[in-house]
Amino acid sequence: FGETQDNIKKFFGEPEEVQTLHDEILNTSSVVYHYWDQGFSLFFDNNKNQTFCSAEIDNRETLLFGQKIFTLKEKEFTELMKTNGFKLVDTEVHEWGEKRLSFDDAGLDCYFENNKMVSVNFGVLDTEENFYYYPN
């Protein structure tokens, strides 16, 4: 995390697709490098000097704590995270049908459809160390 777009390209090569996303509500903007054949997309935050800030993965071979996580059901995945010290903080069912499970201490959001994982998103943790207070 925190790498530049150029360094990411040196490591992974040219992305198969580049996309720009804008969120008017959160006032954020990101550039996304899609590596479809490898099963992941990398996000670069335009508000943070276009540095690598999160990865969305849908590669079925993905391992976490030695487990192939895309074979796990929601409860099994939640138990895996709990066993490794991370608690489920929030869930939400989106209007398009996916259910999000958030494990904030791990910087992890998982998306399930019909009790099957469809993608996982790892992001940069915002800690107090990253918070800056500027007095008036």
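Analyst: A residue is called buried when its relative accessible area is under 20%, exposed when over 50%, and partly exposed in between. The model discussed here is predicted.

User: Why is Glu-74 called buried?

Analyst: The relative accessible area of Glu-74 is 15%. The cut-off for buried is under 20%, so Glu-74 is buried.

User: What makes Lys-99 partly exposed?

Analyst: Lys-99 has a relative accessibility of 27%.

User: Why is the contact between Lys-99 and Glu-74 called a salt bridge?

Analyst: The closest N and O atoms of Lys-99 and Glu-74 are 3.0 Å apart. The rule asks for a Lys or Arg side-chain nitrogen within 4 Å of a carboxyl oxygen of Asp or Glu, so this pair qualifies. Because Lys-99 belongs to strand β8 and Glu-74 to helix α2, the pair ties together parts 25 residues apart in sequence.

User: Which residues are linked in a network of salt bridges?

Analyst: The network links Asp-90, Glu-92 and Arg-100. Arg-100 meets Asp-90 at 3.1 Å, N to O, and Glu-92 at 2.7 Å.

User: Is Arg-100 buried or exposed?

Analyst: Arg-100 has a relative accessible area of 10%, so Arg-100 is buried. Asp-90 is partly exposed at 36%, and Glu-92 is partly exposed at 36%.

User: How many salt bridges does this rule give?

Analyst: The count comes to 4 salt bridges.

How values were computed. Residues numbered from 1 in each chain as written. Predicted model: local features only at pLDDT ≥ 70, side-chain atom pairs only at ≥ 80, totals over all residues. Heavy atoms only, no water. Helix = DSSP H or I, 4+ residues; strand = E, 2+ residues; numbered from the N terminus. Buried < 20%, exposed > 50% of the residue type's maximum accessible area, 1.4 Å probe, protein only.
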